[in-house]
Amino acid sequence: MGKLIILDEIQQVPELYPILRGVIDKRRKVGCRHGQFLILGSASLELIKH
C-alpha cells in the first residue's frame with residue numbers, strides 16, 4: 001500500500017480537509033483499514049472552544 005504521509009500544521013490549509021476526506025473514504029471503500037495520513041497541528045484555545 002501507500003507510504004505514510006505526515007501533514008504538519010494542517011490547520012494552516014483548511015481547504016485540504018475535503019480532499020483528504022475523499023481520499024480516505026475511497027481507500028476505505030476498497031478495504032484499506034489502516035491509516036495513510038498522520039495529521040498534526042496546533043490547537044489554539046479559540047479552536048478548542050469550537
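Reader: Starting with Leu38, what does it count as in terms of relative accessibility?
Author: Leu38 counts as partly exposed, because its relative accessibility is 37%, where buried means under 20% relative accessible area, exposed means over 50%, and partly exposed is what falls in between (1.4 Å probe, protein chains only). This is a predicted model, in which local features need pLDDT of at least 70 and side-chain atom pairs count only at pLDDT 80 or more, while totals for chains, interfaces and linings use all residues. Residues are numbered from 1 along each chain as its sequence is written, and side-chain values use heavy atoms, with hydrogens and water left out.

Reader: Where does Leu38 lie, and which residues make the nonpolar surface patch?
Author: Leu38 belongs to strand 2, residues 37-39 (helices, H or I with at least four residues, and strands, E with at least two, are DSSP runs numbered from the N terminus). Together with Leu4, Ile6 and Leu40, Leu38 makes a nonpolar surface patch of about 360 Å². Patches take residues with over 30% relative accessible area and no salt bridge, joining like charges within 9 Å and nonpolar side chains (Val, Leu, Ile, Met, Phe, Trp, Tyr) within 5 Å, and the areas come from the Shrake-Rupley method with a 1.4 Å probe, where for residues only the protein chains shown count as cover.

Reader: OK, zooming out, in what order do the elements run?
Author: From the N terminus they run β-α-β-α, which comprises two helices and two strands. The protein has 50 residues, of which 14% are buried, and it exposes about 4,400 Å², with carbon and sulfur atoms supplying 60% of that area.

Reader: How many residues does helix 1 have, and what follows it?
Author: Helix 1 has 14 residues and spans 20 Å from its first C-alpha to its last, close to the 20 Å expected at 1.5 Å a residue, the expected span being 1.5 Å times one less than the number of residues. Gly31 follows helix 1 and has a positive phi, near 100 degrees.

Reader: Which non-glycine has a positive phi, then?
Author: Glu9 has one, at about 55 degrees, and Glu9 sits in the loop between strand 1 (5-7) and helix 1 (16-29). Glu9 counts as partly exposed because its relative accessibility is 31%.

Reader: Switching to charges, how many salt bridges are there?
Author: The count is one salt bridge, taking a side-chain nitrogen of Lys or Arg within 4 Å of a carboxyl oxygen of Asp or Glu. The side chains of Asp25 and Arg21 form a salt bridge at 3.7 Å, N to O, and both residues lie in helix 1, four residues apart, about one turn of the helix.

Reader: What about Gln36: where is it placed, and what does it touch?
Author: Gln36 is in the loop between helix 1 and strand 2, and Gln36 counts as buried because its relative accessible area is 14%. Leaving aside neighbours within four places in sequence, Gln36 is in contact (heavy atoms within 4.5 Å) with Gly2, Lys3, Leu4, Ile5 and Arg27.

Reader: What joins the side chains of Gln36 and Arg27?
Author: They are joined by a polar contact of 3.2 Å, a term for a pair of N or O atoms within 3.5 Å; within protein, one must be able to donate a hydrogen and the other to accept it, and residues adjacent in sequence count only if both atoms are side-chain atoms.
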